[in-house]
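Please look over this chain and its fold before reading on. The report below moves from single residues to the chain as a whole and back again.

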Amino acid sequence: PKNLVSIDSKYQSGGKKLTSEAVEAFNKMASAAKEEGYTIRAVSTYRSYSYQERLYNNYKAVLKYI
């Protein structure tokens, strides 16, 4: 998507991005969590189709040996 924006660095590392609508929702959720004494960190965010396909194929290749 063309509207990918970075998540605030206090919630992630490595330049993770989401759509602008998702970042807005994430920030709202993170603020509510903070009020309850929790910290939310973004770990897995938007992935392109090609990246997701490579990731899936790598997992599939590794798991067939387990």
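Predicted model: local features only at pLDDT ≥ 70, side-chain atom pairs only at ≥ 80, totals over all residues.

## The segment before S1

Lys 2 is exposed, with a relative accessibility of 88%.

Lys 2 sits in the segment before S1. Its C-alpha atom is 8.2 Å from that of Thr 19. Along the chain, Lys 2 and Thr 19 are 17 residues apart.

## Overall layout

The protein chain has two helices and two strands. Their order along the sequence is β-β-α-α. Strand S1 covers 4–6 and strand S2 covers 17–19. Helix H1 covers 20–35 and helix H2 covers 49–63.

How does the radius of gyration of the protein chain stand against that of a compact globule of 66 residues? The protein chain has 15 Å, whereas such a globule would have a value near 11 Å. Along the principal axes, the C-alpha trace spans about 45 × 30 × 15 Å.

## Surface, contacts and charge

Of the 66 residues, 17% count as buried. The accessible surface comes to about 5,500 Å². Carbon and sulfur atoms account for 55% of that surface.

Take the contacts between residues at least 6 apart in sequence. Of these, 37% join residues at least 24 apart. The chain carries 11 positive and 6 negative charges. The mean positions of the two sets are 12 Å apart.

## Gln 12, between the strands

Gln 12 lies in the loop between strand S1 and strand S2. Is Gln 12 buried or exposed? Its relative accessible area is 7%, so Gln 12 is buried, the limit for that label being under 20%.

The side chain of Gln 12 makes polar contacts with backbone atoms. One of its polar atoms lies 2.9 Å from the backbone oxygen of Ile 7. The side chain also reaches the backbone nitrogen of Lys 16, again at 2.9 Å. Leaving aside neighbours within four places in sequence, Gln 12 is in contact with Ile 7, Arg 41 and Ala 42.

## Thr 45, between the helices

Thr 45 belongs to the loop between helix H1 and helix H2. Its relative accessible area is 18%, so Thr 45 is buried. The cut-off matters here, because buried means under 20%.

Which backbone atom does the side chain of Thr 45 reach? It is the backbone oxygen of Lys 17, at 3.4 Å. Not counting residues up to four places away in sequence, Thr 45 touches Ile 7, Lys 16, Lys 17 and Leu 18.

## Helix H1

Ala 25 is in helix H1. Its relative accessibility is 46%, so Ala 25 counts as partly exposed. That label covers values between the buried limit of 20% and the exposed limit of 50%.

How far is the C-alpha atom of Ala 25 from that of Val 62? The separation is 35 Å. In sequence, Ala 25 and Val 62 are 37 residues apart.

## Helix H2

Gln 52 has a relative accessible area of 33%, so Gln 52 is partly exposed. Asn 57, at 35% relative accessibility, is also partly exposed.

The side chain of Gln 52 forms a polar contact of 2.8 Å with the side chain of Arg 47. For Asn 57, the C-alpha atom is 29 Å from that of Val 23. Asn 57 and Val 23 are 34 residues apart along the chain.

Methods
Residues numbered from 1 in each chain as written. Heavy atoms only, no water. Helix = DSSP H or I, 4+ residues; strand = E, 2+ residues; numbered from the N terminus. Buried < 20%, exposed > 50% of the residue type's maximum accessible area, 1.4 Å probe, protein only. Polar contact = N/O pair within 3.5 Å; in protein donor to acceptor, adjacent residues only side chain to side chain. Contact = heavy atoms within 4.5 Å. Rg over C-alpha atoms; globule rule 2.2 N^0.38 Å. Areas by Shrake-Rupley, 256 points an atom, 1.4 Å probe, with all protein chains shown as cover. Lys, Arg positive; Asp, Glu negative; His and termini not counted. Charge placed at Lys NZ, Arg CZ, Asp CG, Glu CD.
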